[in-house]
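Reader: Walk me through this model, please. I want each label set against its cut-off.

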Amino acid sequence: MQSLQEKASRLSGVAREDAFAIDDGTNLYQKLGLQTFIDLSTNFYNRVYEDEEEWFRGIFAGSKKEEAIQNQYEFFVQRMGGPPMFSMRRGHPALIGRHRPFPVTHQAAERWLHHMQLALDSVPSIDSDSKIKMMNFFRHTAFFLVAGDELKNQKQGVPCKHAVSK
């Protein structure tokens, strides 16, 4: 059976070593600083909440934009070498579990990535090498969530092993 990480690599087209290049060498949090991650997340969610596609905006309708921005930048800071801001406030990131209520389809992942690429390109303090590393991580992670969503949907159609057959 293929692991979710392997499936994410296959679906995203990003090899695991490229996806996790954010962990090699330069600490992106130290290099870019907190404000860069706040700017990135703010720019990203401004785009998301103004997206022309109603189906995509609807995925985020139950969230307050300010809270979404904070959750994202704290996760990015923590994941890219900074202090564990997200875990201290919200607990373990548990990405698949936290995204379980949402339809994380291929189409949604690509739309999310579209906005993230535009946001990355609009933050001048992010150099091109960091952008590539970050985008590889984001692409792999988006499709890791797609793989988790597909697994969830497969399990929904399977009755519990304790179910009584009639």
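Author: Start with Ser-9. Apart from neighbours within four places in sequence, Ser-9 is in contact (heavy atoms within 4.5 Å) with Val-14, Ala-15, Arg-16 and His-140. This is a predicted model: local features need pLDDT of at least 70, side-chain atom pairs count only at pLDDT 80 or more, and totals for chains, interfaces and linings use all residues. Residues are numbered from 1 along each chain as its sequence is written, and side-chain values use heavy atoms, with hydrogens and water left out.

Reader: Why is Ser-9 called buried?

Author: Its relative accessible area is 18%. Buried means under 20%, exposed over 50%, partly exposed in between (1.4 Å probe, protein chains only). So Ser-9 counts as buried.

Reader: What makes the Ser-9 and His-140 pair a polar contact?

Author: Their side chains are joined at 3.1 Å. The definition asks for a pair of N or O atoms within 3.5 Å; within protein, one must be able to donate a hydrogen and the other to accept it, and residues adjacent in sequence count only if both atoms are side-chain atoms. So the pair qualifies.

Reader: Which residues of α9 are buried?

Author: Among them are Trp-112, Met-116, Ala-119 and Leu-120. Leu-40 is in contact with Met-116, Ala-119 and Leu-120, among others.

Methods:
Helices (H or I, at least four residues) and strands (E, at least two) are DSSP runs, numbered from the N terminus.
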